[in-house]
Amino acid sequence: MAERKKKPAGPGKGKTRKAKRKTAFIFQGGASRGAHQAGAMKYLDEIGIKPDIIIGSSIGVINGCLYATGGVEGMLEFWGSFKASPLLSGMSLHENIFFGNSLLSMRKAFEYIESFFDFEKILRSKIEIAFALTNLSSGAGEVRSNRTEKTREDLRTITRIGYTIPGLYPPVEFEGDYWCDGGFVWNVPFEYALERGATRIFMLLCIGRELPREDKFKNIYNVLSRFYDVMWVHTASGAIMRRDIKDVVFHDAEIHIVEPSVYLGGFGMLTLLTFDPSKAQEFIEQGYRDAREQIGELQ
């Protein structure tokens, strides 16, 4: 009897096909310290790790838009040229402490920052670019993205919301509600990455989970500065510190954390919100070193 030939295995038969890995990058908020993320991204890009989804909070919103527009090069260009202070925008006739609901205006800041963004490219990106926001009207944190918005103008609005610090700058009106920066509510949107099916998550922190020890408090400024530092660290990174992340696996997702190994400065509006290319370059170099040491040679 002639030997019957075996049919080649079809899709799903024979060898088990390896499930596609979905990689999420989380950009934590941290104002001028966000330059640290640009350095970390430079290293991750060099070893070939690319995101399928980016979730940003506060300065992470800006970094996410920069990456979606021009990749790592776009991030480095921004941080290498952006020079500003909290008083960048100044006051306007309606946006001030006397006639409005904020100290300062964001109009000039929006104009300058958005000169680095290509909203059409962000809207059409294959990468999901998501932003943590605070809905002041409903009192809840929400995530919006280039998948939830249908027009460039709506996308532009939610990006503006993402880095508008409440009190300092006026909240943004959108869809009948008032909105602002989501960093004070959800600075590391870790759960959203899991909800979106991420199997590998890189949390790029620009605020470390620990503070250097401080033994002397000579005046009220020292006390308040230290208190806000402690509060900021726990608000910004507390959700991660409370997680039982062992052997870099959590809920079947592979977890990697890149965080500053040195103190990048404390909580103070005049320093935290002062952007300077020379300071940014130091943070970029530190971010690159930290990513190389803490991530290693992953593929």
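Me: What do buried, partly exposed and exposed stand for here?

Reply: Buried means under 20% relative accessible area, exposed means over 50%, and partly exposed lies in between (1.4 Å probe, protein chains only). Lys83, for instance, counts as exposed because its relative accessibility is 57%. Please keep in mind that this is a predicted model, where local features need pLDDT of at least 70, side-chain atom pairs count only at pLDDT 80 or more, and totals for chains, interfaces and linings use all residues. Residues are numbered from 1 along each chain as its sequence is written, and side-chain values use heavy atoms, with hydrogens and water left out.

Me: Thanks! Which side chain meets Lys83 in a salt bridge?

Reply: A salt bridge is a side-chain nitrogen of Lys or Arg within 4 Å of a carboxyl oxygen of Asp or Glu. The structure holds 13 of them. Lys83 pairs with Asp276, at 2.6 Å from N to O. This pair links distant parts of the chain, 193 residues apart: Asp276 is in the loop between helix 8 (269-272) and helix 9, and Lys83 is in the loop between helix 2 (59-79) and helix 3 (107-114). Helices (H or I, at least four residues) and strands (E, at least two) are DSSP runs, numbered from the N terminus.

Me: How many residues separate Arg209 and Glu259?

Reply: Their side chains form a salt bridge at 2.5 Å, N to O. The two are 50 residues apart, with Arg209 in the loop between strand 7 (200-204) and helix 7 (220-241), and Glu259 in the loop between strand 9 (253-258) and helix 8. Arg209 counts as partly exposed at 27% relative accessibility, while Glu259 counts as buried at 15%.

Me: And how should I read a cavity?

Reply: On a 1 Å grid over the protein atoms alone, a cavity is a set of points where a 1.4 Å probe fits but cannot get out; lining residues have an atom within 4 Å of a point.

Me: Which residues line the second largest cavity?

Reply: Among them are Trp79, Phe82, Asp276 and Lys279. Helix 9 (residues 277-295) gives the largest share of this lining, three residues. The lining divides into five nonpolar residues (Ala, Val, Leu, Ile, Met, Phe, Trp, Tyr, Cys and Pro count as such), two charged (Asp, Glu, Lys and Arg) and two polar (the others, Gly among them).

Key: 1 Å grid on protein atoms, 1.4 Å probe; cavity = no way out; pocket = protein on both sides within 12 Å on 5 of 7 lines; lining within 4 Å.
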